[in-house]
Amino acid sequence: MNSGASECRDGLSAGHGGEPVSVWVQRWTSLVPVGGTVLDVACGLGRHTRWFLARGHRVFAVDRSAEAIDGTRALAPSDTVGRLETRVADLEAGPWPFAGQGFDAVVVTNYLWRPLLPVIVDGVAPGGVLIYETFAAGNEAFGKPSRADFLLQPGELLAACAGLRVVAFEDGYLDGPPRRVQRIAAVRAGADGSWPPLPL
């Protein structure tokens, strides 16, 4: 178990993943192709898994905690059978469980493990979208996570998304609870080189 991920999660409610759906995720859900596949990285109790299942997507949910994955399955709507695949995997110590796979959307919130950043970005299929939101430098003023190793530095998320087209990026303070975050929505060109339709 990596102490950085633990520190990050300790800064959240005890039921990581049981919080309301991220406003950032809600805002950019329209970029996900209709019926497309979604990878929910470090899904916790599956708040975003349930969000995308309710919108007709097939969702792959992964977390290192078997308890969290059990909770994700238990909380999933009953009419989504066949559209939810869950995996227990230590993303920081084990192999990437989705090697060679691409997804129409990759969603990450409240999680950072730097060695995975390029792997996560590579997981966005042609025409797909990355929706990412996590803690940033300055969050130490508000509590955990507070170690620099687990706080995005200025411009770091933008640099990680080189090769994608950035639709929106924010680096700043959020209320309720107070925290400093970076968040991005970025799309990959389609197989034919065209860009997915973008909101005005």
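Reader: Is D70 buried or exposed, or something in between?
Author: D70 counts as partly exposed, because its relative accessibility is 47%; buried means under 20% relative accessible area, exposed over 50%, and partly exposed in between, with a 1.4 Å probe and protein chains only. Please keep in mind that this is a predicted model, in which local features need pLDDT of at least 70 and side-chain atom pairs count only at pLDDT 80 or more, while totals for chains, interfaces and linings use all residues. Residues are numbered from 1 along each chain as its sequence is written, and side-chain values use heavy atoms, with hydrogens and water left out.

Reader: And what does D70 pair with?
Author: D70 makes a salt bridge with R73, with 3.1 Å between the closest N and O atoms. The term salt bridge stands for a side-chain nitrogen of Lys or Arg within 4 Å of a carboxyl oxygen of Asp or Glu. R73 is partly exposed too, because its relative accessibility is 45%.

Reader: Where do D70 and R73 lie?
Author: Both belong to helix α4, residues 66-75, and they are 3 residues apart, which is about one turn of the helix. Helices (H or I, at least four residues) and strands (E, at least two) are DSSP runs, numbered from the N terminus.

Reader: OK, how many salt bridges does the structure hold?
Author: There are 10 salt bridges in the structure. One of them joins the side chains of R114 and E156, at 2.6 Å from N to O. That pair links distant parts of the chain, 42 residues apart, since R114 sits in the loop between β4 (103-109) and α5 (117-122), whereas E156 is in helix α6 (residues 156-160).

Reader: Which of those counts as buried?
Author: E156 counts as buried, because its relative accessibility is 18%, while R114, at 26%, counts as partly exposed.

Reader: What about R147, what is its partner?
Author: R147 forms a salt bridge with D149, and their closest N and O atoms are 3.4 Å apart. R147 is partly exposed at 36% relative accessibility, and D149 is partly exposed at 47%.

Reader: Are C43 and C161 buried or exposed?
Author: C43 is buried, because its relative accessible area is 4%, and C161 counts as buried at 1% relative accessibility.
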